[in-house]
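Have your viewer ready, with the sequence panel next to it.

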Amino acid sequence: MATPYQNPQRRGSLPLGVVLGVIAGAILVMFAWFALFDDADSATPGPTPTSAQPSDPVESPDPAESPEPDESAEPGDESVPGITTELPVGTWVTVLDSLPQGSVSAEQAIARAAELSQPGHTAIVIDTNRFEGLNANYWAVVIPGAESRAASNAVCKAIGLPVGNNCYPREIKGLR
């Protein structure tokens, strides 16, 4: 005898209500994803990051005027020229690439940032060991200065990359 949920001529097939429920659930999940990760906030430029990159060449300093060593710095806390070690807390960066520090040199990461830079969107390299909220031991190639997740997502769109594995937002939650 057939139960109310089974059609005796179609054994093994799913009821139409289950199929429609799965489809409706998938659509709801998709809309929720876009609501969380694709806000339509305007992309406004944020604060300029502080970089360890040297500016214009300077004359050789007088050895008598050399600065005192920073005693507050921890051992192994040397900054690498061209690697950004400070960004404003609460700002967002658009991550374009993450390169493991164990196998990629700082110079290679800086070259990768130059490759990924586009007019109006300059990529920089940050040392993820310096920032809370980022996976440690990577050189992250990022475009800094977004004020929200939506603004960071807008950067991906502006440079022609979909938000996903190769272009995604991350918030700077603090310094380590």
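Start by colouring by pLDDT, the predictor's confidence in each residue, which runs from 0 to 100. You are looking at a predicted model, in which local features need pLDDT of at least 70 and side-chain atom pairs count only at pLDDT 80 or more, while totals for chains, interfaces and linings use all residues. Residues are numbered from 1 along each chain as its sequence is written, and side-chain values use heavy atoms, with hydrogens and water left out.

**Stop 1: confidence**

The protein has a mean pLDDT of 74, and 56% of its residues reach 70 or more. Helices (H or I, at least four residues) and strands (E, at least two) are DSSP runs, numbered from the N terminus. Confidence is highest in strand 4, at a mean of 97, and lowest in strand 1 (residues 50–51), at 47. Select residues 31–48: pLDDT stays under 50 there, and the model has 23 contacts (heavy atoms within 4.5 Å) beyond four places in sequence for this stretch. Residues 50–77 are also below 50, with 15 contacts beyond near neighbours in sequence.

**Stop 2: strand 6**

Now select residues 138–146, which make up strand 6. Seven of these nine residues are buried, meaning under 20% relative accessible area with a 1.4 Å probe and protein chains only; exposed is over 50%, and partly exposed lies in between. Which strands pair with strand 6? Pairing requires that DSSP finds at least two bridges between two strands. Strand 3 (residues 92–100) pairs with strand 6 in the antiparallel sense over seven bridges, and Ser98 stands opposite Ala140. Strand 4 (residues 124–127) also runs antiparallel to strand 6, joined by four bridges; here Ile124 has Val142 as its bridge partner.

Zoom in on Val142, which counts as buried because its relative accessibility is 0%. Leaving aside neighbours within four places in sequence, Val142 is in contact with Val93, Thr94, Val95, Thr122, Ala123, Ile124 and Ile126.

**Stop 3: the nonpolar cores**

A nonpolar core is a set of buried Ala, Val, Leu, Ile, Met, Phe, Trp, Tyr and Cys residues joined through side-chain atoms within 4.5 Å. The largest one has 16 residues, and the members that touch the most others are Leu96, Leu99, Ala123, Val125, Trp139, Val141 and Ile143. Strand 3, helix 2 (106–116), strand 6 and helix 3 each give two or more residues to this core. Apart from it lies another core, of 10 residues, including Leu87, Val93, Val95 and Ile172.

**Stop 4: the disulfide**

Last, select Cys156 and Cys167. They form a disulfide (cysteine sulfur atoms within 2.5 Å), with their sulfurs 2.0 Å apart, and the structure holds one such link. Why does this pair tie together separate parts of the chain? Cys156 lies in helix 3 (residues 149–158) and Cys167 in the loop between helix 3 and strand 7 (168–171), so the parts joined are 11 residues apart in sequence. The link is left-handed, with -100 degrees about the S-S bond. Both cysteines are buried. Not counting residues up to four places away in sequence, Cys156 touches Thr94, Leu161, Val163, Cys167 and Tyr168.
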